[in-house]
Structures are given as C-alpha cells and as structure tokens.
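Hi,

Here is the structure I promised to pass on.

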Amino acid sequence: NDPRICLIAPQVASVRGVECADIVAGVSAVLKPCLTVFADTLATSRFERLGRCYQLGDFALSPGSGVGAGKTLKARGKTLSVGVPLVIDLKYLGARREGVVTPANVDELVEENARVIAAALGMARGRSQ
C-alpha cells in the first residue's frame, strides 16, 4: 500500500528551455497524482526572512510572480505549495539600482530548507497511512 513518489526539478525556462508549468502539466497528465507538492523560492521585502520562514498553501504556485514573471503551475489532484523566501529586491536593501539578489550563503540555505521540508513531508506521509 506504498504510494509511488515522483520528484521532478524542472528549473527555470532559461535553463531547460521549457516553461516549468508545461513540464508539470505534462507529467501530471501522465502520472495522474493524488497529491502534487510544489516548492519554490519566494521574494521577500525583509532581509531577516531570507531562508527563515515558510509559506504553505493549498493553491498552485506561479513561479517568478514575485519578480514580475510567471505562469501558474497546475496539476491533477490535490495541491500543496511550499515557498521559502530566498531572494530580496535591491530596493529593500537601500540600493539605487533595480534587481533581485540572493544571500551569499544561498546554497547552504537551500540545503537546510530542503531537509526541513523533506522531513515535514515524511512525517506527514507517515501519519497519513
């Protein structure tokens, strides 16, 4: 009675050449999951939030929407979205130019947050069986 688990990491369109939303829709149409978990980076306006908080919801994500781009991800079945703020607009740091930046230790923050999210999903999965 062990459900199948599938992980995809489509990345951004500039890396793969295909919109993330299109990849998710295609995989979802083939696998027909009962639950899809989306994880993405969020933009924040407060430095102290970088890598230190989570946004959870039962809605689809729109990757890139925090920086003025994006296409909503849609999948079959239930949806759980997890977001972690890992970028901040330069204007909130007092800079006079436009753009978004990540903290110098972003790779470390990604690893740490991935472990936390994976552990939480594992605990939730264990309780749901």
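Predicted model: local features only at pLDDT ≥ 70, side-chain atom pairs only at ≥ 80, totals over all residues.

Let me start with T44, which is buried at a relative accessible area of 7% (buried means under 20%, exposed over 50%, partly exposed in between, with a 1.4 Å probe and protein chains only). Residues are numbered from 1 along each chain as its sequence is written, and side-chain values use heavy atoms, with hydrogens and water left out.

Back to T44: this residue sits in strand β1, residues 35-44 (strands are DSSP runs of E with at least two residues, helices are runs of H or I with at least four, and both are numbered from the N terminus). Setting aside neighbours within four places in sequence, T44 has contacts with R49, L50, P85, V87, I88, D89 and Y92, a contact being heavy atoms within 4.5 Å.

As for the overall layout, the chain has 3 helices and 4 strands, and their order from the N terminus is α-α-β-β-β-β-α. Of its 129 residues, 22% count as buried. Among contacts with a separation of 6 or more, 63% link residues 24 or more positions apart.

Another buried residue is V24, with 9% relative accessibility. V24 belongs to helix α2, residues 20-31, and its C-alpha atom is 9.5 Å from that of A9, 15 residues apart along the chain.

What about the backbone at K32? Its phi is near 50°, a positive value in a residue other than glycine. Most residues other than glycine have a negative phi. K32 lies in the loop between α2 and β1 and is exposed, at 53% relative accessible area.

Last, the surface: D107, E108, E111 and E112 form a patch of negative charge there. Patches take residues with over 30% relative accessible area and no salt bridge, and like charges are joined within 9 Å; a salt bridge would be a side-chain nitrogen of Lys or Arg within 4 Å of a carboxyl oxygen of Asp or Glu. E112 is part of helix α3, residues 106-128, and is partly exposed at 39%.

Cheers

Methods:
Patch = residues over 30% accessible without salt bridge, like charges linked within 9 Å, V, L, I, M, F, W, Y side chains within 5 Å. Areas by Shrake-Rupley, 256 points an atom, 1.4 Å probe, with all protein chains shown as cover. Lys, Arg positive; Asp, Glu negative; His and termini not counted. Charge placed at Lys NZ, Arg CZ, Asp CG, Glu CD.
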